[in-house]
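Here are a few friendly notes to read alongside the model. Take them one at a time and find each spot in the viewer as you go.

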Amino acid sequence: MTTAHTPRPDRTGEAGEVPGARATDGTHGTGTARTGRDRTGHDGSPGPARAAVPVRAARAVRAVPLGPRSLAALGLVSAVGVVAFCWPFLAPPGSRLSAHAEDAPWLFAGLLVLLVAVVAATISESGLGPKAVAMLGVLAATGAALRPVGAGTAGIEPMFFLMVLSGRVLGPGFGFVLGSVTMFASALLTGGVGPWMPFQMLAMGWFTMGAGLLPGRSRLRGRGELLLLAGYGFVAAFAYGTVMNLAGWPFMGALTSNIAFDPHAAVPANLARFAAYCLATSMGWDLGRAVCTVLLTVFVGPALLRALRRATRRAAFETAVTFDAPAP
């Protein structure tokens with residue numbers, strides 16, 4: 001009598017695949033995953049029927065696939081965001097925009113919050129299903145709870161490493177929405193609501209989306225991946241602090257300090273003022289954020305990456321599975 005044979009668990013890959021699974025999105029395995037032996041019993045009767053094993057295709061999962069509309073919306077809000085952050089260097093000295101240096105951040109803040117909402121709605125419409133919404137809620141709530149853990153001490157903000165790892169596993173579309181929603185929720189939680197909040201939402205969306213755009217999502221694993229994520233977290237922590245300095249710098253009156261924005265000065269002079277402003281006000285904070293992100297990524301990252309990838313495999317966000325017809 002022939003007994004059914006099941007594939008050994010240690011034959012599966014890291015993404016939980018068994019050779020032979022075929023998904024409807026065009027990705028294929030290397031054969032057909034079935035149970036049962038392809039032979040008859042000793043008495044000539046047919047052996048056990050072969051059954052297909054439901055498995056997912058081996059590829060990186062994106063909780064929110066980016067379609068053309070989502071990419072166009074992201075490109076638009078990013079272009080407007082660059083203008084909103086960098087307008088002190090784009091407006092010529094003595095222009096009407098420079099004359100309204102105290103009002104411009106408020107106008108850009110109102111514009112950005114609308115654009116970020118439009119992008120989130122566009123991405124959600126393109127494929128943010130119930131499972132992705134549930135994971136978005138869990139990760140955003142966790143990030144919002146982690147933000148005040150450091151209590152504003154020396155840039156210790158553990159939420160940044162969670163954003164890096166989540167964007168890495170779940171892709172740039174999910175990363176942008178997660179970063180924006182997390183910063184919005186944390187602002188409500190900590191009472192940090194003000195004209196700077198839309199800038200924080202956009203900057204954190206960029207921060208998390210960038211982690212999803214890093215190379216090797218489906219192949220790079222182990223120490224190499226951790227070094228890549230730690231390096232990105234270190235650089236992006238400084239970049240986040242720098243762009244947020246751009247959002248707050250024009251609020252300073254030119255007469256209050258020689259490092260404040262001067263609407264009548266030339267671009268090189270304002271660049272020197274801005275560099276001095278960053279060194280004097282935020283360099284130590286940004287360094288603390290960068291070091292905290294690197295340490296948490298190196299020591300906590302492996303376990304969290306496995307947990308996130310296991311959750312995305314079980315959620316099966318976007319891969320529908322079909323089965324090969326049993327052989328006659």
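Predicted model: local features only at pLDDT ≥ 70, side-chain atom pairs only at ≥ 80, totals over all residues.

**Aromatic pairs and the overall fold**

1. Searching the whole structure turns up 8 aromatic pairs. A pair here means rings of Phe, Tyr or Trp (its six-membered ring) with centres within 6.5 Å; planes under 30 degrees apart are stacked, over 60 edge-to-face, and the rest tilted.

2. Start with Phe85 and Trp206: their ring centres lie 5.7 Å apart and their planes meet at 50°, so this pair is tilted.

3. Residues are numbered from 1 along each chain as its sequence is written, and side-chain values use heavy atoms, leaving out hydrogens and water.

4. Next, look at Phe160 and Phe207, with ring centres 5.2 Å apart and planes at 85°, so they are edge-to-face. Both Phe160 and Phe207 are buried (under 20% relative accessible area; exposed is over 50%, partly exposed in between; 1.4 Å probe, protein chains only). Together with Tyr232 and Tyr240, they form one aromatic cluster.

5. Now zoom out: the protein has 10 helices and 4 strands (DSSP runs numbered from the N terminus: helices are H or I, at least four residues; strands are E, at least two). Of its 328 residues, 44% count as buried.
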